[in-house]
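Here are a few notes to read alongside the model.

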Amino acid sequence: DTMIKREEDILNDVFKFEVSKKYIDRFTIFIVYISMFFMIIPKYVIEVTGINIGENIFYSIYFIFLIPYLYILIYNIKHKYFKISLDFILLSLYLFIAFLSAIFSNNFFNSILGSYGRRDGFLTLIMYILIYLDSKNINDKNDVIKIIKIFMIYAILSTFYSFIQVYLPVNIYSIKYYGHMGYGFQGNPNFFGTYTLLFTLLGFFISLFISDKKFYKISTIIIYCGLIMAESSGPFFTFILMFIGLFIYVLIKRSDLIKKIFMWLLIFISLYGLVNYSLIYVNKDIYNIEIETHSTLSGDINSIIDIVFGKFKNEKLDKEVVGDENVLPSSNNQDDNVDIISSNRLSIQDEVIKYIKRDNHIWFGSGIDNLDIYYVQFIEGNALHYWVIDKAHNIYLNIIAETGIFSFIVYLSWMIVLIVHGIKSKNKYVYLLLFGLIGYNIQGIFNINVIYVMPYYYIISGMMMGLIEGDRHESRKH
């Protein structure tokens, strides 16, 4: 009877939101762990079954975890742990404008639930914001490090799966859908590249500034190999840019770490050569897979070098002689090469800009996850070959295209608030999370937000703001 009574009391406490804050905080961390683990499942199911039901599984996962995330938020509101702040106001306004764009769209249902292939609609945005608000309660540095550690383990699992995709022939575990490129559990090399970029940056920062534990060094090396296997230029070049920024900082401010960062430089360069050229050799020479030069990191690096020095090894510029002058042909081969390196991103972005201007979508966009542009590639006989552009392949342009200029201004303001607060902080754990966020935002110039990576962005953003607000609270006490 005593045990039954105790169980009844516990259930009453749960339903009345009277559970101890200590247990809610533990529960929040657990939900973050487990919900992100389930992000692994959908694309793996597609890979091994060949049935395109991954996004439906993903949506089911979201609806299941909507309940605990909502419970945590309601608990914090009831017990006044939740405070209305500028970041909350901006995100609420962003959500409101996104809903207006859905109302004004030509497919309200699609904007709310998301398109079949993306599932990035209004309900998904609600989930992102819930994740962010709940993650703000994770404001202990030890909890933050534990969460990053678990996330890095997930990234290692995804990298090992990418190794199977890249280095093994077609098998029961992988159909090598992208040939020589790895795509892990994220289902696409670009998405996998963004994912591995995020955790390579976090692991590298921890190893350099916070902890000398072997786990972070080895994990960073493994996940970095995943970044190379993705063969996605945007995330990889973002990593180079972030490394250079940190390298300059160490040279100027932290002379005690110069030897350490040079060692990391040697490791990163060596692994690039080993992984990039070995995966090209295995797939091209052993599996006889046709590999286009611009679909490899080394090919893109060579093209960039050619562009910088005005030389093109593979596609030389023919000059027309007019009198005593050399005149280039009318086509701009340099622009074409830049577009090839960006996997036609620039052409896609140009079409999206034309669409916004042509159809007057500047104010409220097409509706969230409702972009639909038919882009003609070429005409062959009576056949018309075209792409359907459903994303701008630029996070910021995509927000304008789908939810309008007001939405973009609000989102950019929220992002600036995060970065400014992060820079002002004197907490190295805040700098750690900020380092990852800045890297994600930079690679977003040539990539998109996707359901398999974006939750991590909101978790990391939330934890960063949680640490900042926790530091403020402690300073007021003293």
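1. The protein chain of this predicted model holds 18 helices and 4 strands. Of its 478 residues, 52% count as buried. As for contacts between residues at least 6 apart in sequence, 73% of them join residues at least 24 apart.

2. Let's begin at helix H1, residues 2-15. Just after H1 comes phenylalanine 17, whose phi is positive, about 60°.

3. Next, a helix pair to look at. Helix H9 covers residues 189-210 and helix H17 covers residues 428-443; the two pack with their axes 9 Å apart and at an angle of about 150°. Angles over 145 degrees count as roughly antiparallel, so H9 is roughly antiparallel to H17. The crossing of H9 past H17 is right-handed.

4. Which residues of H9 and H17 make the contact? On the H9 side they are Thr194, Leu197, Leu198, Leu201, Leu202, Phe205, Ile206, Phe209 and Ile210. H17 contributes Lys428, Tyr429, Tyr431, Leu432, Leu433, Phe435, Gly436, Gly439, Tyr440 and Gln443.

5. How do the residues of this contact divide into nonpolar, polar and charged? For H9 with H17, there are 14 nonpolar, 4 polar and 1 charged. Lys428 of H17 is part of the contact, and Lys counts as charged. Gly436 and Gly439 of H17 also take part, and Gly is counted among the polar residues here.

Note on methods. Residues numbered from 1 in each chain as written. Predicted model: local features only at pLDDT ≥ 70, side-chain atom pairs only at ≥ 80, totals over all residues. Heavy atoms only, no water. Expected span 1.5 Å × (residues − 1). Axes fitted to C-alpha atoms, helices over the stretch in contact; angles between N-to-C directions. Parallel < 35°, antiparallel > 145°, perpendicular 65-115°, else oblique. Left-handed = near helix turned anticlockwise from the far one by under 90°. Contact = heavy atoms within 4.5 Å. Buried < 20%, exposed > 50% of the residue type's maximum accessible area, 1.4 Å probe, protein only.
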